[in-house]
Amino acid sequence: MVPKKVFFTKGVGVHKEKLASFEMALRVAGLAHCNLVLVSSIYPPECKAIPKDEGLKLLRPGEIVFAVYDRESNNEPNRLIAASIGLAVPADSSMHGYLSEHHSYGETDERAGEYAEDLAASMLATTLGIEFDSELDWDEREQIFKMSGKSVRTTNITQSAVGNKDGLWTTVFAAAVFTNDDNPHVDPEKSSAANQKISLQEDILSQTLEGQLKDSEARQPAYPNKGAAKPAFDQCRIPQPAKKNLS
């Protein structure tokens, strides 16, 4: 199996049990009805990024789904956590790219996302034969990319959240989900109905969590990273179009 399509999704969940908070995050991401299999970091050649809603329609309840994903959980009140997936692909679509996973404490969406992109780009650079010191900051390495004549596009999807004020478990989740559109068992009508149910669950859970997170955010201390922590929702950056074009 070489996946032809990929979609990106994320979520945050809150519950008194750690595992249940992960389940809540999967529901928000739209993947709770599938069995996820974590795979390593290769982005297949000719793989097309599609919108989340389109990708979810291709999945069936109970299906084994391959994904590159990351998560982080925390039960400390007001502590900021993040999970991010970075993507780096060469301009030549016949070549493979790289996906990276990164989770952290105390990092904003922007900071965690940039780190994940940097990590993916660094892995891709070794494949393309571009040599640079990994200790250099990103601006210096970006110039090396440009001087090499290699065009590389990078982006990320990142979910952050602050810990629940009452000490409940908070889990953040981000994923790149692989799929194909040639599954003969997919019933478009059933998939559409299932997707509508998932969307309803997501809306209800999102409204509940948003109230909890806003309450926690009002109590959180200032962080020394770039920018203040943002609400856990509306922070998704989908890799179409790509965020950067290093050429």
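Is Ile50 buried or exposed? Ile50 counts as buried, because its relative accessibility is 2%; buried means under 20% relative accessible area, exposed over 50% and partly exposed in between, with a 1.4 Å probe and protein chains only.

Before the tour continues, note that this is a predicted model, in which local features need pLDDT of at least 70 and side-chain atom pairs count only at pLDDT 80 or more, while totals for chains, interfaces and linings use all residues. Residues are numbered from 1 along each chain as its sequence is written, and side-chain values use heavy atoms, with hydrogens and water left out.

**Stop 1**

Select Ile50, in the loop between E4 and helix H2 (52–56). Helices (H or I, at least four residues) and strands (E, at least two) are DSSP runs, numbered from the N terminus. Next select Phe7, whose contacts beyond four places in sequence include Ile50, Pro51, Leu59 and Val177; contact means heavy atoms within 4.5 Å.

**Stop 2: the nonpolar cores**

Phe7 is also among the residues with the most contacts inside the largest nonpolar core, together with Leu31, Leu59, Phe173 and Val177; this core has 17 residues. Such a core is a set of buried Ala, Val, Leu, Ile, Met, Phe, Trp, Tyr and Cys residues joined through side-chain atoms within 4.5 Å. H1, E5 and E9 each give two or more residues to this core, and the largest share, four residues, comes from H1. Apart from this core lies another, of 14 residues, among them Cys47, Val68, Ile157 and Ala176.

**Stop 3: the sheet**

Now display the five strands of the open sheet, in the order E2-E5-E9-E1-E4, with mixed pairing; two strands pair if DSSP finds at least two bridges between them. At the edges are E2 (35–38) and E4 (48–49), each pairing on one side only. Helix H1 (residues 18–29) packs on the sheet and touches E1 (5–15), E2, E5 and E9; the direction of H1 makes about 135 degrees with that of E1. Axes are lines fitted to C-alpha atoms, for helices over the stretch in contact, and angles run from 0 to 180 degrees between N-to-C directions. Select E5 (residues 64–74) and E9 (residues 169–179): they run antiparallel and are joined by eight bridges. Within this pair, Tyr69 stands opposite Ala175 in E9.

**Stop 4: Ser41**

Finally, select Ser41, in the loop between E2 and strand E3 (42–43). Ser41 counts as buried, because its relative accessibility is 17%.
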